[in-house]
Amino acid sequence: LWAGGGPRESREQQPTRITYKEREDLTLRPRSCLQSTEQGDHNQFKELYSVGKLTVLATDPLLHQDPVQLDFHFRLTPQTSTHWHGLLCDHRLFLDIPYRALDQGNRESLTATLEYVEEKTNVDSVFVNFQNNRNDRGALLRAFSYMGFELVRPDHPALPPWDNVIFMVYPLERDLGHLPSEPP
């Protein structure tokens, strides 16, 4: 179980404790897909990045609000796309695992999302989460473990207070001398 160490102990980085305000902010879950929200709600989001099949939308980053809602849209075909919905707070990104996450398109979209996060943000850890009672729970645990995610114990101080949720973390390796080219 990930507790800030484990196989990546050489990083010498301890997990930060969530402050009261952050815990209050993180009681918000990542929103549902922008396509299913009202048009007025869509205006709160700005396009941050779009290259190839990936488009990243966020609540207005100029407002410097924390947490920031991020939506990662990955175009599979001209008519279909897959979406990862996230919440960015204090160098941590929390992603909801979409339905049918183990499909090839979702795996490809997660890879593109992780590449964006690693190259363009100052995120230190990417957390994925899914409901404890999902039928595909075992397959999700195996697949995300294979991809380098580690199971996080439920009482870990970096986790938001979401009930009946399993979290896995992907700690990003950061070169301290290299800063990302763009803020999230």
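Reader: What makes Phe149 count as buried?

Author: This is a predicted model. Phe149 has 3% relative accessibility. Buried means under 20%, so Phe149 counts as buried.

Reader: Why is the pair of Phe149 and Tyr170 called tilted?

Author: The planes of Phe149 and Tyr170 stand at 45 degrees. Stacked needs under 30 degrees and edge-to-face over 60.

Reader: How many aromatic pairs does the whole structure hold?

Author: Eight. One of them joins Phe72 and Tyr116.

Reader: What makes the pair of Phe72 and Tyr116 edge-to-face?

Author: The angle between the planes is 65 degrees. Phe72 lies in strand 3 (residues 68–75) and Tyr116 in helix 3 (residues 104–120). The pair spans 44 residues.

Reader: Are Phe72 and Tyr116 buried or exposed?

Author: Phe72 has a relative accessible area of 1%. For Tyr116 the value is 4%. The cut-off is under 20%, so Phe72 is buried and so is Tyr116.

Reader: Which residues do ring pairs link into a cluster?

Author: Phe94, Phe127, Trp162 and Phe167.

Reader: What is the strand order of the sheet?

Author: The open sheet has eight strands in the order 1-2-3-4-5-6-8-7, with mixed pairing.

Reader: Why do strand 1 and strand 7 stand at the edges?

Author: Strand 1 (45–51) and strand 7 (150–151) each have a single partner strand, so one side of each has no neighbour in the sheet.

Reader: How do you know that strand 1 pairs with strand 2?

Author: Six bridges join strand 1 to strand 2 (residues 54–59). Pairing needs at least two, so these strands pair. They run antiparallel. Thr55 in strand 2 is the bridge partner of Ser50.

Reader: Which strands does helix 4 lie across?

Author: Helix 4 (residues 137–146) lies across strand 4 (81–89), strand 6 (125–131), strand 7 and strand 8 (165–171). Helix 4 runs at about 10 degrees to strand 8.

Methods
Residues numbered from 1 in each chain as written. Predicted model: local features only at pLDDT ≥ 70, side-chain atom pairs only at ≥ 80, totals over all residues. Heavy atoms only, no water. Helix = DSSP H or I, 4+ residues; strand = E, 2+ residues; numbered from the N terminus. Contact = heavy atoms within 4.5 Å. Axes fitted to C-alpha atoms, helices over the stretch in contact; angles between N-to-C directions. Phe/Tyr/Trp six-rings, centres within 6.5 Å; stacked < 30°, edge-to-face > 60°. Buried < 20%, exposed > 50% of the residue type's maximum accessible area, 1.4 Å probe, protein only.
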